[in-house]
Every structure is written in structure tokens, then in C-alpha cells.
Amino acid sequence: MAQSLTPTRIPSPDGGPPPSPEHSPFRGLLDRIGIPATLAWGYLGLVLFMVGDGIEAGYLSPYLVDLGFSESGVGVVFTVYGVAAAIGAFLAGALSDAWGPRRVMAAGAAFWVVFHVLLLAVAVPAKSYPLILASYGVRGLGYPLFAYGFMVWIMASVPRRQAGTALGWFWFAFTLGLPTLGSLLAASLIPAIGAYRTLWLALGLVLAGSAVALTLLRDRTGFQGLLPPGQRDVRSTLAGSFTILTEKPKVAVGAVVRLINTTSQFGVWVFMPLFFTDRIGFELSEWLHLLTVMMGTNLAFVVVFGALGDRWSWRRTVAWLGGVLSAIGCLALYYLPVAAGHDFLVAAVAAGALGAGMAGYVPLPPLLTAQAPERKGQVMSAYSLGAGASVALGPLIGTLFIGPLGVQGVMWIYAGLHLFSTVLALTLPERR
């Protein structure tokens, strides 16, 4: 039987209450909007960390090309990074069972900081491709361990009836940093201080976010392994993260739903810019503004749909507002611009629909952990593995099918996958 996950408080050195929003005038506001007061510092730390991580999102690839590396070589760098990120996402849940989410977050911060410093202080000045490949690749473990470690902490700490809302705010904080504020900050800083110094500033933001989360977040749930003491062996928890897929088939079904969730997003980011600029006649800046609309809409609806899942149904929210709305958004993003031509408002409606649809999957973690509540970390490993694999699957579908089927066919594939996720989600029992 799993140990109690009821959070307790750590007293301050003088015996008084800890410096937490739990004891601040903001407690009532946090409660009203659905942010757990005991975890509030973690959300702030996550925003700062992901802003630092997201600064590079829009320009690191061309920056490395400008250093003299080939586009294909840079592509390999980002492929290695993506594989490391998927591994880190998978490990976050399993290691939280053994170590506790706080230690997993600390490990993620350490990976990010150490290998980012190696990248900037050694690899980039030397223009050493092997060192850039190694340092940036290994750094890919960092953000998923930190971010998904905190997500596991949320799932272990909050009451199940509030999990969807709390997860909505997690994805709000995550997306606010990567790519939203990170990219905006880079656009402002690069003309002023240059690309290289901007990457050093990212280090400061990641350090700040790590310090806020790891020193001010006092909820005791995350300070120890989530499994009972006799079951916290790392090898067994890692093995359990694989065996749970066969022992709890509904968890495997949910992992496939999570895989589909952002597959279209990562594919759209790769090949739709050419569709809009070459066929529809948009400027590149207009396409970037469309992405801002997409992710801005997603920011708004992750909170709305998270709360709706708690009040209405996790399963139905994922199925109808996630799967069906995302399918409609995929098809709209192709057919509406084709019909309307160079009309930004029409294209923005389609981009917003896809952004909102991706937010509809927010209640999936509480729906999945309800299938095996005694193995939350391992369930979240399966969930995070799906999230990490979508980074590769989305562009792969475009690469394989855009030649024979064109953009229209690829968008139908994405839409079909989202509708398939609707069918899968409706098979998941909702246990509250």
C-alpha cells in the first residue's frame, strides 16, 4: 500500500512558519484561480526556468549555421537533443518514485547548468562540433527532469478533484516560458547585446528559476520517493515504468493519446512555414505571428480546459475538446487559408482552433494516474514518454508523406490521429 501523500510543512529555522504563499495575503487569490498555494513557488520557478530554456528556441539553429556548421550537421545536434529530452521526460516519473520530485528537479537543473556552461565557455568559442554535439545533447536531459519532475510533484500533492486545474496552470507556466516569453526576450536582447551574450543571460534565468523552486517550495510530498521506502530501488522503478504498460494496459492507451496530443504541433512547426509563405503568400513575420496566436490561445485554454475537466469530466474533455477540436483545427489550418487566400484573420482563427484543441488534452494526467494511483511516478513516465516521442513523430510524418500526399494529405493524417485519440480516450475509465 502506498504511503500517504498528504503534504506537511517544514518550519523555518526560528520555529516560525515557512515563507510560503500559503501564509500570504495571496492565499485567497491562489485558491480562487486554482493554483495550489503550497506549490505556488514551483510555478514561478518553472516560468523562470522555461523562459531561460526557451530563449534559444527561435535562433540557435541559424546561429550555429552562422558559426560555419552545415544545416545537416546542426540538424543532427537537435536530433540528439530531442532524444535526450525524450529520455529525460521518461526518467522524470520513474526517478520521482525512487528519489522524490525535488531531487529529480535538482538533477535536471544541474544537467542544464553544467552542460550549458560547457557549451558556451568551451564548445562554442572553440567551434568544436563534437563538443557542441555532446554538451548541447546532454543538456537536453535538463529541462524535462526539472519540468516533469514538478508535474509529478503536482500530481502527487494536490487532491484528485483539483488535478486538472493544477495541471492547467502547469502547462500555462511551461508554455509561457517556452516558447512565448523566451522568444520575445530573445527578439529584444539579440539586437542589443548579441546572440552569444543572450545565451549567457539564459543561464541566469535558469539559475533563478531553479533557486526559487528548490529553496522556496516547501511542500513535503516532493522531498522523498513517492513509493514506500522498501520499493524505492532505482532499477525496479525504472523497470516498473516499462512493465506498467503491460500490467496496466489503460496506461499504455493513455501514453498513445499523449503521443498524438502534440504530434501535429511539432509537425506544423516544421513544414507549415513554407506552405504559408510559398503558397498562401504570407511574409515570414506573419507566420511567426500566427504561431503567437496559436500558442497564446493554448495558454488561455490550458487553464480553462483544466478546470472544466475537474468540474465536467477528464475523459470527455480530452476526447471532445482535445481530440475532436484538434482535428478540426488541423483541417482548418489548411482549408481556410486555401479558401481565403492571404487573410491573416482567417488564418488566425484556424491557428487558434488548433491551439485550443491541443489544450483540451490537459486533464489526461489525472485520468491516467487514476488507472494506477499507487504508481503515480511510473504512470507519469509513460505519459512523459509519449510527450517526448511526439517531438520526433510529428516532423517524421511530414517528412514521409508530404512528397506523395502534399500538405493537404499530411494535415488529414494529423486530423485522423486526433480522432483516433478521441476513440482511445473514451475507453479510459474515469475513477475519481
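Glu-56 is buried, at a relative accessible area of 7% (buried means under 20% relative accessible area, exposed over 50%, partly exposed in between; 1.4 Å probe, protein chains only). The structure is a predicted model, in which local features need pLDDT of at least 70 and side-chain atom pairs count only at pLDDT 80 or more, while totals for chains, interfaces and linings use all residues. Residues are numbered from 1 along each chain as its sequence is written, and side-chain values use heavy atoms, without hydrogens and water.

Glu-56 forms a salt bridge with Arg-139 (a side-chain nitrogen of Lys or Arg within 4 Å of a carboxyl oxygen of Asp or Glu). The closest N and O atoms of this pair are 2.8 Å apart. Glu-56 sits in the loop between α2 and α3 (60-66), whereas Arg-139 belongs to helix α6, so the bridge ties together parts that are 83 residues apart in sequence. Helices (H or I, at least four residues) and strands (E, at least two) are DSSP runs, numbered from the N terminus.

A salt bridge joins Arg-139 to Asp-53, with 3.4 Å between the closest N and O atoms. This pair also links distant parts of the chain: Arg-139 in helix α6 (residues 129-139) and Asp-53 in helix α2 (residues 40-54), 86 residues apart. Arg-139 counts as buried because its relative accessibility is 0%. Asp-53 is buried as well, with a relative accessible area of 3%.

The whole structure contains 3 salt bridges. Another of them pairs Arg-375 with Glu-247, whose closest N and O atoms lie 2.8 Å apart. Here too, distant parts of the chain are linked. Arg-375 is in the loop between α16 (364-369) and α17 (376-425), and Glu-247 is in helix α10 (residues 234-247), 128 residues apart. Arg-375 is buried, with a relative accessible area of 15%. Glu-247 is partly exposed, with a relative accessible area of 47%. Shared partners join the salt bridges of Asp-53, Glu-56 and Arg-139 into one network.

Asn-298 lies in helix α13 (residues 284-311). Its relative accessibility is 7%, so Asn-298 counts as buried. Leaving aside residues up to four places away in sequence, Asn-298 touches Thr-175, Gly-355, Met-358 and Ala-359 (contact means heavy atoms within 4.5 Å).

The overall fold has 17 helices and 0 strands. For 432 residues, a compact globule would have a radius of gyration near 22 Å; the protein has 21 Å, which agrees. That radius is taken over C-alpha atoms, and the globule rule is 2.2 Å times the number of residues to the power 0.38. The C-alpha trace spans about 65 × 50 × 45 Å along its principal axes. Of the 432 residues, 55% count as buried. Among contacts between residues at least 6 apart in sequence, 83% join residues at least 24 apart.

The protein exposes about 17000 Å², and carbon and sulfur atoms supply 69% of this area (Shrake-Rupley method, 1.4 Å probe; for residues, only the protein chains shown count as cover). The mean positions of its 25 positive and 18 negative charges are 11 Å apart. Lys and Arg count as positive and Asp and Glu as negative; His and the chain ends are not counted. Each charge is placed at NZ of Lys, CZ of Arg, CG of Asp or CD of Glu.
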